[in-house]
Structure formats: structure tokens, C-alpha cells
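Please open the model in the viewer and keep the selection panel at hand. The stops below proceed from sheets to helices.

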Amino acid sequence: MTLTLTTAGESHGPALVAIVGGLPAGLRLDRDAIAADLHRRRQGYGRSPRQKLEEDELDVLAGLRHGLTLGTPLALVIANRDHANWTWGMSPWPPTGEQSGKGSSPVTLPRPGHADLAGTLKFGHDDVRNALERASARQTAVHVAAGTVAKTLLAEIGVSVSGRPVEIGGADTEAGWKDATDAARSDRDTLGGVVEVIADGVPPGLGSYADKPDRLDARLAAALMGIQAVKGVEIGEGFALARMRGSAAHDEIEPDRGRLTNRAGGIEGGITNGEPVVVRAAMKPLPTLMRPLRSVDLATGEPGEALVERSDVQAVEALAVVAEAAVAWELARAARDKFGGDALADFAGAHAAYLERIAWPRTP
Ligand SMILES: Cc1cc2nc3c(=O)[nH]c(=O)nc-3n(C[C@H](O)[C@H](O)[C@H](O)COP(=O)(O)O)c2cc1C
């Protein structure tokens, strides 16, 4: 029994869609918790004002009855409110009526740092929009909704997951983040940063060393690198470990308390070791600049300036929410792999029986 997630949807198309498979029956989902995470994803000091004003609303089309999962595929939909301005430009069928609204003229000036050029060449498009619409981070909204579902499942076995920014534009205090963001905004430039996600209450034994795809560290790295603009991932002390001696790097074991330190970030040999799981992800500066970078006009071959479209100065606070969802998803998937069960009680019961068997850490 494993969790599966399939998503679809363009940034300005009618809606974003996700199908979640492999949930046990009887899990109570909280509408407000999903709404709160969708709201958090839109916030942050570097976000455009419009981004912060609009809300994403989730509809559930299948797999849920009276708030409880049925053990069948859960179908989630988030309408793109902005689609109203793009009905001609993003019409799934050949548009009828007069050419009007946003997206009705082709984009031919790819933005450096986006999928625009490579995606247009690869798929043979003549309008860059056909690549950028799906490559955009707009799709992270349904990943966040699926992440809230994953967090709800994890809560049943006492696991909590939380993400936060730790660095924005090279600054590591909240006042510094704001100053750096203000400065970049007035220069019409963009910033990146670093986020950290910590999962508490994780039992030892999620993941495995048997093969590369089983390793939880590999899964977490793939899940985080799968988020737009993430260019680096570290687990525990990560890159700093490379500069330490073994005697200073590893977490010594005490029979009754577990570990005295957690430099490994809760994972050894691809398996959780019972300590908090700690991961960090590095985000590059956003590639859409209000002061556009040099590009080429794909229609004429002439030099030009890259497309300018409504965009954020930085989205590191939003990334913290998206990364939290990605980590929750991978932990929930590993927990489903380990504890299985058709009904929620089977899943929670297998977890309780397992904790009893391992009896770790040993209490004196
Ligand atoms: C939450 C979030 C919000 C983002 N917002 C923007 C944005 O407003 N403007 C932009 O150019 N890129 C934004 N990005 C980054 C791009 O989607 C990403 O850089 C681009 O798709 C290219 O992919 P890559 O950076 O992974 O190579 C955002 C990414 C995330 C995770």
C-alpha cells in the first residue's frame, strides 16, 4: 500500500487538479486546515499584492463522504480564479468569439532561468506560453492541499511537520529579510533563500537501505528538488558535515535517551532513526524580473528583452509551505509503505504494535 499523487493544470487554465491514491478509509479531513495552508502559500513579504489578496478554494469531487475518506481515490480541484481574464487565451478548445483578454498574443521572448526556452524547443511549441503555463509554480497549490492531507494522516501516528524560512537574500533575521526584499523590489530585481522543514515524532524505521529508491533521504531530496526553483537540498548538517571530523560529525547513542545530537537530521542509511527529520532547501532568485534580462525573440531571431509578467520579488516564505507539504507527503508515503492498512484503525494499530516491538529508546 503506497500513496500516489497525480496532478494536472495550467497556471491560467480553468483549474488545478490532483488525484491522491492509497489513503486509508476513515481519515477525517479538516476543510479549515486545508484552507489555512492554501492561504499560507500565498503569503510572504516578497509576494505581489494580488497574490496575497486572492484565495485558493479547494473542492473535493471524490473519495470523501461527510468529511471522512472512503479508501478510494481522492479527487481535489482548485479553480484558477484568474482564468476569467484568460478565457480566450487559455481556452482548452479552439476559442470562439473575438480574440481578447490575457494570453491571446503569442509569447516569443523566453525568460532566462525559466523552462521557457528549453520547454519550447523540446515540445516544438511556437508560443512560449505552452511551456510556461505548466512549468510555473502555480501547480504547487494542489501539492500543498495534498500535503495537508498527508499531515492529517501523519498526525494519527503522532508525527508533525513544519517548514519555515531561515534565510532570504542572504539575510538571516526577519528584519534583514524585509530590508533585502525592499531593496530588491526597488531595484526591480529578485531574491532567493533557504527554508528548513522539521518533522517531529517520526518513528525509527521509515525508508530502507535496500535500494536507492527506498532510501528516505533520496526520496526527500527528489521531492524537494521537484519544487520549482529549488537548487540544493541538505539533510541534517548536510554540506557542513563534509568539513567535520567523524568524531565531531556523528550522533552518539545513549540507551535511554537516544541521541545527544542530531547532525544526521534524523536519517541514517536511508532510514529514520527516531530523531527529528531536518531538511533544508535552497531556492534560487526568481527568474521573472521586472527589469528584464537579455533574451532572443524566437519568432525573428533578433535580440530582445525577456517576457515581463506579474511576479514576486521573492517567494521563500511560500516555498517553506510548499517544502513542508513535500516532506509531509514523503513521510506519509513511507509510513503507508510500512504500516499499510485499509482502515485508519489498521494503520494506527500497526504503528502502535511496531512501537511496542522496537521499544526504543529504552526507558530505564
Ligand atoms: C512558491 C513559488 C513561487 C514562485 N513564484 C515565482 C514568480 O513569481 N516568478 C518567477 O519567475 N518564478 C517563480 N517561481 C520559480 C519558477 O517557477 C521556477 O524558477 C521556474 O519554473 C524554473 O524552474 P527551475 O527554477 O526549477 O529550474 C516560484 C517558485 C515557487 C516554489
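Two strands pair if DSSP finds at least two bridges between them; strands (E, at least two residues) and helices (H or I, at least four) are DSSP runs, numbered from the N terminus. This is a predicted model, in which local features need pLDDT of at least 70 and side-chain atom pairs count only at pLDDT 80 or more, while totals for chains, interfaces and linings use all residues. Residues are numbered from 1 along each chain as its sequence is written, and side-chain values use heavy atoms, with hydrogens and water left out.

**First stop: the sheet of four strands**

Select S1, S2, S7 and S4, which in that order form an open, antiparallel sheet of 4 strands. Strand S1 (4–8) and strand S4 (58–62) stand at the edges with a single partner strand each, so one side of each has no neighbour in the sheet. From one strand to the next, the twist averages 20°. Next, select residues 15–21, strand S2, which runs antiparallel to S1 and is joined to S1 by 5 bridges. Which residue of S2 is the bridge partner of Thr7? It is Ala18.

**Second stop: the sheet of three strands**

Here 3 strands form an open sheet in the order S3-S6-S5, with antiparallel pairing. Strand S3 (25–28) and strand S5 (64–65) are the edge strands, each pairing on one side only. Zoom to S3 and strand S6 (residues 68–70), which are joined by 2 bridges; Ala25 has Leu70 in S6 as its bridge partner.

Select residues 116–123, helix H3, and highlight Asp116, Gly119 and Thr120, which are buried (under 20% relative accessible area, with exposed meaning over 50% and partly exposed in between; 1.4 Å probe, protein chains only). These three cover an arc of only 100° around the axis, which puts them on the same side of H3; the arc is that of the directions from the helix axis to the C-beta atoms. On the other side of H3, Ala118, Leu121 and Lys122 are exposed.

**Last stop: helices H7 and H9**

Finally, select helix H7 (residues 216–225) and helix H9 (residues 316–339), which pack at an angle of about 145° with their axes 9 Å apart. Axes are lines fitted to C-alpha atoms, for helices over the stretch in contact, and angles run from 0 to 180 degrees between N-to-C directions. The contact residues include Leu216 and Arg219 of H7, and Ala323 and Glu330 of H9.

Methods
Contact means heavy atoms within 4.5 Å.
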